[in-house]
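Me: I'm new to reading protein structures. Could you walk me through a few features, one at a time?

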Amino acid sequence: MTHLAFERGGSRNNNSAVFTWLDKDHKNHDTVSAEAERSVKQKQLGETQTEIQQRIQERLKEIEDLKQAVESLKRSACIEIKESEKIFTELIRSIEKIHTEVIELIGANEKAAVNQAEGHMKKLEQEIAELRRRNTELKQLSETEDHIHFLQNFQSLCAPPEAGDLPSVTVNTDISFGAVRKAVSELKDHIEDFCKGELVKITTTVNETAFYTVGSRSSDRRFKVNEVAVYSLQAPEQRNRAEFLKYSCQLTLHPNTAYRELCLSEGNRKVTRRRETQRYCHHPETFDSWPQVLCREGLSGTRCYWEIEWRGGGAYIGVTYKGISRKGGDHSCLLGFNDKSWSVYCSDSSYTARHNNNQTAITAPRSPRIGVYLDFNAGTLSFYGVSDTMTLLHRFQTTFTEPLYPGFRLHYYDSTVTICQLN
């Protein structure tokens, strides 16, 4: 083992002090002057100072870059806000123009119909006046005591009245512009659907526009870059059950997908897990190891809402792409345990949301009825506890690329899931 010892000789200010390197094993030593050792350490100190100064300069440069980036961001955001306001102003004007045109169209239709009706009523009133005049003359003739006068005027006055050229009119007693209101309402829904889809695209674009990039520094002081989004947007969503019910859809369970212990009933809208094996034909789409079943209908490109009633110890309620694995006991077949499916597990004590085998615990009151709202274009899948109010349990936000098939997994025997009739 080697030790460093310091020896000083002569006066207190003597610069001939030496560093002595002692080796206990070999009983010998080397000496180095303090001046030489100071020179070595001084060089190291200088290198350290140089590195610190370099880092200071780097940090100052980063601060300056960030300041410039902030100013650039402010200018860019200001410009984009102004340009977006112009575009949205034009969009609002276009909608207002359509609004005005619809109002004018209804008004013009009303005016034309009223003018036509008033013209017809005027002709009818003229005909009535003429008929009343003739009726008065006939009454006078019938009351005359002059037989010669009666016979002379009878032929002309008793001729049948001409039918006239007025067309027959059938009056619509239940006149309404309800069809117009329905068309306008459908236009509103189409615009909302389109805007939601476009908002998702805009959100993605905004989030991909990084303000700056950060990462760990490597030994050569370069950055390993990871993009950082500044903020994100969320599309609006319905607030009460009545609004959701506008998007209710009809679903039925597909027997070809049902596990052998699942019994389908009530027109393939109810599934019950039994201990005895059901007599289903073997099919490539059947889940052969897990008690799951999918719906026949694939949902895409629109907004859909459905409600489920579950009974028993627990059930998984979710959606999946058609390509989910059906064979074998691997967990990749399970709803929510892969990147092709999303689910919420309902039990007496808790809820759990799952996607790609990532789970989120949910704290909410138990609800035997679950509402599921899918906005395919907006990329949202929301689960609600349904009672007197709608309680949001969990919302998945993603980008859907294929039609989604609602599906269920029954965790315990004798548990049931029923697709509710909403219409």
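Reply: Let's start with pairing: two strands pair if DSSP finds at least two bridges between them. Keep in mind that this is a predicted model. Here, Glu309 stands opposite Thr418 in strand 18.

Me: Which strand joins strand 18 through four bridges, and in what sense do they run?

Reply: That's strand 9 (residues 303-311), and the two run antiparallel. Strand 18 also pairs with strand 7 (residues 270-273), in the antiparallel sense over three bridges. On that side, look for Thr272, whose bridge partner is Thr416.

Me: Where do the side chains of strand 18 point, and are they buried or exposed?

Reply: Buried means under 20% relative accessible area. In strand 18 (residues 416-419), Thr416 and Thr418 point one way while Val417 and Ile419 point the other way, and all are buried.

Me: How many bridges hold strand 11 and strand 12 together?

Reply: Five, between strand 11 (residues 341-347) and strand 12 (residues 351-355), again in the antiparallel sense. To find a spot in that pairing, look for Ser343, which stands opposite Arg354 in strand 12.

Me: On to helices. What span should helix 1 have, and how far apart are its end C-alpha atoms?

Reply: Count 1.5 Å a residue: the 110 residues of helix 1 should span 164 Å, and the end C-alpha atoms are 158 Å apart, which agrees. Among its residues, Glu37, His120, Arg134 and Leu141 are buried.

Me: Why do some helix residues point the same way?

Reply: An α-helix has 3.6 residues a turn, so residues three or four places apart point the same way. With that in mind, look at a nonpolar surface patch of about 580 Å², made by Phe88, Leu91, Ile92, Ile95, Ile98, Leu187 and Ile191.

Me: Which helices supply at least two residues each to that nonpolar patch?

Reply: Helix 1 (34-143) and helix 3 (178-207) do. The largest share, five residues, comes from helix 1.

Conventions:
Residues are numbered from 1 along each chain as its sequence is written. This is a predicted model: local features need pLDDT of at least 70, side-chain atom pairs count only at pLDDT 80 or more; totals for chains, interfaces and linings use all residues. Side-chain values use heavy atoms; hydrogens and water are left out. Buried means under 20% relative accessible area, exposed over 50%, partly exposed in between (1.4 Å probe, protein chains only). Patches are made of residues with over 30% relative accessible area and no salt bridge: like charges are joined within 9 Å, nonpolar side chains (Val, Leu, Ile, Met, Phe, Trp, Tyr) within 5 Å. Accessible areas come from the Shrake-Rupley method with a 1.4 Å probe; for residues, only the protein chains shown count as cover. A salt bridge is a side-chain nitrogen of Lys or Arg within 4 Å of a carboxyl oxygen of Asp or Glu. The expected span of a helix is 1.5 Å times one less than its number of residues.
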